[in-house]
Amino acid sequence: MNPVKRLLVATDLSAPARHAADRAALVAREVGARLDLFHVANVTAMEKLRLLVAEVPAEIEQRVLDAAREEMRELAANLLKHHGVAAGVQVASGPLLPEIIGHADTISADLLVLGARGSSFMRHLLIGSTAERMVRKTRWPMLIAKQPPHEPYRTLLVPVDFSPFSLRALRNAQAVAPGADVVLLHAFEVPFESKLRFAGIEDELLARYRIAARQEALGKLRELRDEVGLPPERTRLIVLHGDASRNIIEQEQEQDCDLIVMGKHGESVLEDLLLGSVTKHVLAESQGDVLVSV
């Protein structure tokens, strides 16, 4: 990922989305990027009301947009007051995802920031085949803010499977939080382990395989660390046997990480077609923020 020059916060003006705006302001200040706030007003309810009640004023949609603009201006003023970051403000109406993606493309955004528990956007991301197809087409990393921010990111957890997406995720991590420590995590499982056990393969042989696989993975982690120029004294290398989703969530807590950075795809063909199953699990179960790389 190139240096982050422009962040776009897609906000529904809920409390979690306001946390996302605060986080985006911290990132923008740390990396010297421009910040934009974007809101897609929900006029669907008004349209339904107009169908039921003929007396609803025709200008009601404009009132909704004006009220949203005022809230957005207040949000921008708070960001300037608390973080010293001036943010551009834009309000639109229409289909949620196409509007957000179209605006990100228009302003050449480098990073899309959103709240994890807002009223609509994350639900659209994680539910429905149409949404997944749209997510697959996006060209921007997405920072999902789950916690109210108090300081810049300090410790990043970057799970890697040594696919090309792993290198991209690590470069995205550097671009968003250049001053943070990094935990590189690789989780592996013995291929066909249950079938091997059923076939009578001894535990000692499987244990030797795990040791060899762990040493090989550690070597690859060192190569990856050196390739992107991470300082060894600020980089932890961890290789664990077992389910990737479970290990990621556990290590987030054990390593005291405040951001998980991972690709939206896995290494399999199926996960390349959809938002990867491991990524979905981490988005749902993690306590801290998640940066979904592309």
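1. The bridge partner of Thr155 in strand 7 is Asp181, where helices (H or I, at least four residues) and strands (E, at least two) are DSSP runs, numbered from the N terminus. Strand 7 covers residues 181-188 and pairs with strand 6 in the parallel sense over five bridges; two strands are taken to pair if DSSP finds at least two bridges between them. Between these two strands the chain passes through helix 7 (residues 164-176), and this β-α-β crossover is right-handed, in the sense that, with the strands pointing away from the viewer, the path from the first strand over the helix to the second runs clockwise.

2. This is a predicted model, in which local features need pLDDT of at least 70 and side-chain atom pairs count only at pLDDT 80 or more, whereas totals for chains, interfaces and linings use all residues. Residues are numbered from 1 along each chain as its sequence is written, and side-chain values use heavy atoms, with hydrogens and water left out.

3. Strand 6 also has a parallel partner in strand 9 (residues 259-263), to which two bridges join it, and Leu259 of strand 9 is the bridge partner of Leu156. Which way do the side chains of strand 6 point? Thr155, Leu157 and Pro159 point one way and Leu156 and Val158 the other, and all of them are buried (under 20% relative accessible area; exposed is over 50%, and partly exposed lies in between, with a 1.4 Å probe and protein chains only). Because five of the five residues of strand 6 (residues 155-159) are buried, this strand is largely enclosed by the rest of the structure.

4. Leu37 is in contact (heavy atoms within 4.5 Å) with residues including Val9, Ala21, Met72, Leu75, Ala76 and Leu79, once its neighbours within four places in sequence are left aside.

5. Asp36 belongs to strand 2 (residues 34-41) and is buried, with a relative accessible area of 7%. Its side chain makes a polar contact of 2.7 Å with the side chain of Arg6; the criterion is a pair of N or O atoms within 3.5 Å, where within protein one must be able to donate a hydrogen and the other to accept it, and residues adjacent in sequence count only if both atoms are side-chain atoms. Apart from residues up to four places away in sequence, Asp36 touches Arg6, Leu7, Leu8, Val9, Gly88 and Ile107.

6. Helix 10 (residues 244-254) has Ser245, Asn247, Ile248, Ile249, Gln251 and Glu252 buried, and its buried residues pack against strand 6, strand 7, strand 8 (235-241), strand 9 and helix 12 (277-285). At the N-terminal end Asp243 caps the helix, with a side-chain oxygen 3.2 Å from the backbone nitrogen of Ser245, while just after helix 10 Asp256 takes a positive phi of about 55°.

7. Two further non-glycine residues with positive phi deserve a look. Leu13, with phi near 70°, lies in the loop between strand 1 (6-10) and helix 1 (15-31) and counts as buried at 13% relative accessibility. Ser108, with phi near 55°, is placed in the loop between helix 4 (96-106) and strand 4 (111-115) and counts as exposed at 52% relative accessibility.

8. Arg214, in helix 9, is partly exposed, with a relative accessible area of 37%, and touches Phe188 and Val239 when residues up to four places away in sequence are not counted. Glu233, in the loop between helix 9 (203-228) and strand 8, counts as exposed at 67% relative accessibility.

9. For the chain as a whole, there are twelve helices and ten strands, and buried residues make up 47% of the 294 residues. Of the contacts with a separation of 6 or more, 78% are between residues 24 or more positions apart.
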